[in-house]
Amino acid sequence: MGLTYSPSAIRGVAYEPIFEELLFQNKTIADGDVAFADDVKAETIFSENENTVAMQAYSSGAPSSSGDLKVSDTIVTPTKVMYYNEFDPETLRTSRFKSSMAKGAWNVASTEFERVVLANYGSKTSVDAEKAFWSGITSATKTAIAALTPGTGQTAVGAAEQTWSAAQTAGQIDGIVAKMIYNGGALGKRVKVLGTTITSSNIATEYAKVYAAIPSEALNQAVKPYIYSPYSNAQLINIFNTSATYRDLFSVSEDKSKYFYNGIEIKFKPLPENCLIVSIPDHLVWCTDAKADLNSMEINKIANNREDMFVKHIFTLAAHVGNQKWNVLYLG
């Protein structure tokens, strides 16, 4: 069974709260830091519009066509995934959870166990999905990236990108990083910046490389891009600011809830270490059948003539990156 429980041998009054290991939360969902597309069942078309225009002299006669009208389509089918675990509630009968069980030998379901322990399990699945959305990669894409010829130009996959891909454990979906690497290297899209190991000493230098690589048009739109950064960079920025004489590069709100670099807001996500992404939030899309599925779990008996139970969590997920040529990928 999936339940491991080590109750105390001394029985007494149970302390009310159960200490959580961490308060897990999917902040990509909670904060709305990317675009969301639900009701994406299968083979949904995402279209990109890339037009060019050319001013020309006026003619009262037949005009000449100039510029280009270009629309490209991408088919997205979210992957259906599942988290599943089994447990025997009989294990809880002599534990602290007995206090929330109804009277009767048949009744071993604990409302406290479901409210605290299984709710924590559910939040962990949501956070694990968030990690896959950003940093997941499938076996097929690992193979495809390994087959690309590395080069230093923007249209080639980088050696650091291939190294990262090869080091990952294959999962169920391709996340944002994998999509940017493969589509960038194979299709000649995304702005590539060669990275290194980011420390509190060089973090300003490395962010400057990323900032300089952002297409100027992307910085001057009504909707500003974000810098998506791994969690550890918040600590590195705080350490850098402590010793910095001038703190105008990285500005941090007093409660440390918002971070900025040169006026661009930084969003900390479960990205790989030494990885930075710059994108307008609408260019990164969380695709799913229904966003509510991420918060829905089924808890039930395994079979009618059995008392052991299961917890099951099912949803669909795909990551889509649009307008890649305006997005920056830094990877060291």
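1. The largest nonpolar core of this predicted model has 31 residues. The residues with the most contacts inside this core are F133, W134, I176, I181, Y228 and I277. Several elements build this core: β4 (79-87), α2 (111-135), α5 (176-187), β6 (226-230), β10 (275-279), β11 (284-287), β13 (309-321) and β14 (328-331) each give at least two residues. Helix α5 supplies the largest share, 5 residues.

2. Which residues does I181 touch, leaving aside its neighbours within four places in sequence? I181 is in contact with I145, V157, E161, W164, R190, L329 and L331. Another core, of 26 residues, lies apart from the largest one. Among the residues of this other core are I203, F240, F268 and V278.

3. Strand β11 can be followed residue by residue. L284 and W286 point one way from the strand, while V285 and C287 point the other way. All four of these residues are buried.

4. Strand β11 also has strand partners. With β1 (residues 35-37), β11 pairs in the parallel sense over 3 bridges. Across this pairing, A37 stands opposite C287. With β13, β11 runs antiparallel, and 4 bridges join the two strands. There W286 has A319 of β13 as its bridge partner.

5. How many disulfides does the model have? The count comes to 0 disulfides. In general, a disulfide is a covalent bond between the sulfur atoms of two cysteines. For C287, in turn, the nearest cysteine sulfur is that of C275, and C287 is in no disulfide.

6. Are these two cysteines buried or exposed? C275 counts as buried because its relative accessibility is 0%. C287 is buried as well, with a relative accessible area of 0%.

7. The aromatic rings deserve a separate point. A pair of aromatic rings is described by the distance of the centres and the angle of the planes. The model has 13 aromatic pairs. One of them, Y207 with Y261, is tilted, with 5.6 Å centre to centre and 55 degrees between the planes. This pair links distant parts of the chain: Y207 is in helix α6 (residues 203-213) and Y261 is in strand β8 (residues 259-261), 54 residues apart. Both Y207 and Y261 are buried.

8. Y259 and F268 form an aromatic pair that is edge-to-face. Their ring centres are 5.1 Å apart, and the angle between the planes is 85 degrees. Y259 is buried, at a relative accessible area of 6%. F268 is also buried, at a relative accessible area of 16%; this value counts as buried because the cut-off is under 20%.

9. One aromatic cluster is formed by F36, F133, W134, Y226, Y228 and W286. Of these residues, F133, W134 and Y228 are also among those with the most contacts inside the largest nonpolar core.

10. Two lysines lie over aromatic rings. K267 lies over the face of Y226, at 5.0 Å from the ring centre. Y226 itself belongs to the aromatic cluster. K312 lies over the face of F310, at 5.3 Å from the ring centre.

Conventions: Residues are numbered from 1 along each chain as its sequence is written. This is a predicted model: local features need pLDDT of at least 70, side-chain atom pairs count only at pLDDT 80 or more; totals for chains, interfaces and linings use all residues. Side-chain values use heavy atoms; hydrogens and water are left out. A nonpolar core is a set of buried Ala, Val, Leu, Ile, Met, Phe, Trp, Tyr and Cys residues joined through side-chain atoms within 4.5 Å. Buried means under 20% relative accessible area, exposed over 50%, partly exposed in between (1.4 Å probe, protein chains only). Contact means heavy atoms within 4.5 Å. A disulfide is a pair of cysteine sulfur atoms within 2.5 Å. Two strands pair if DSSP finds at least two bridges between them. Rings of Phe, Tyr and Trp (its six-membered ring) pair if their centres lie within 6.5 Å; planes under 30 degrees apart count as stacked, over 60 as edge-to-face and the rest as tilted. A charge sits over a ring if NZ of Lys or CZ of Arg is within 6 Å of the ring centre and within 35 degrees of the ring normal.
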